[in-house]
Amino acid sequence: VENSEGKLYVHQRSEGKKLFPLLFGLGAGGGVEEGEEPKEAAKRELFEELGIKSEIEFLFSFMFSNSDVSHKVHVFRTIYDGIMKPTKEEFKWSGWLELKKVDDLARADRLCPDTKILYRRFRGDYI
């Protein structure tokens with residue numbers, strides 16, 4: 001999720017998350033349910049986690065795997081300037097950050113491992 005100023009919506013995962021607690025991610029995300037298309041899943045997650053409905057654009061997909069998890073990541077983009085209603089159970093913190101601040105999180109290894117991969121590609125190919 002970007003705004004018209006080019007800032008990204010970033011969140012810090014809550015302490016209770018099984019995967020990557022207290023690390024930072026971008027926008028909203030989650031699993032694709034059985035029978036659901038990735039684009040519909042992305043729209044559902046935007047609404048469930050941030051309370052927004054917005055048109056989205058597919059960018060790319062990739063496989064992520066580490067010692068904890070293996071999954072396919074589908075990356076979408078939306079430009080949104082409205083009010084967010086982030087889910088308190090999902091995030092410890094969330095807000096808009098300039099790219100330089102997200103770069104700082106990546107350099108400090110504070111991004112979720114799958115987010116770090118998608119951010120590197122997004123930063124290189126779309127900004």
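**Entry 1: two helices.** I started with H2 and H3, which are oblique to each other, since the angle classes are roughly parallel under 35 degrees, roughly antiparallel over 145, roughly perpendicular from 65 to 115, and oblique for the rest. The model is a predicted one, where I needed pLDDT of at least 70 for local features and 80 or more for side-chain atom pairs, while totals for chains, interfaces and linings use all residues. Residues are numbered from 1 along each chain as its sequence is written, and side-chain values use heavy atoms, with hydrogens and water left out.

Helix H2 covers residues 99-107 and helix H3 residues 113-126; their axes cross at roughly 140° and come within 11 Å. Axes here are lines fitted to C-alpha atoms, for helices over the stretch in contact, and angles run from 0 to 180 degrees between N-to-C directions. Helices (H or I, at least four residues) and strands (E, at least two) are DSSP runs, numbered from the N terminus.

I then noted which residues meet, with contact meaning heavy atoms within 4.5 Å. From H2 come Leu99, Val102, Asp103 and Ala106, and from H3 come Lys116, Tyr119 and Arg123. By class, I find four nonpolar, no polar and three charged residues in the contact of H2 with H3. Nonpolar takes in Ala, Val, Leu, Ile, Met, Phe, Trp, Tyr, Cys and Pro; charged is Asp, Glu, Lys and Arg; the others, Gly among them, are polar.

**Entry 2: aromatic rings.** I looked up the ring pairs next, and the structure holds six. One of them is Tyr9 with Trp96, edge-to-face at 5.1 Å centre to centre and 75° between the planes. The rule is that rings of Phe, Tyr and Trp (its six-membered ring) pair if their centres lie within 6.5 Å, with planes under 30 degrees apart stacked, over 60 edge-to-face and the rest tilted.

I liked that this pair links distant parts of the chain: Tyr9 sits in strand E1 (residues 8-13) and Trp96 in strand E5 (residues 91-97), 87 residues apart. Tyr9 is buried at 4% relative accessibility, whereas Trp96 is partly exposed at 28%. Buried means under 20% relative accessible area, exposed over 50%, and partly exposed in between (1.4 Å probe, protein chains only).

I also found Phe60, Phe62, Phe122 and Tyr126 linked into a cluster by ring pairs.

**Entry 3: positive phi.** Leu22, not a glycine, has a positive phi near 70°. I place Leu22 in the loop between E1 and strand E2 (24-26), partly exposed at 31%.

Asp109 is not a glycine either, and its phi is positive at about 60°. Asp109 lies in the loop between H2 and H3, and it counts as exposed at 51% relative accessibility.
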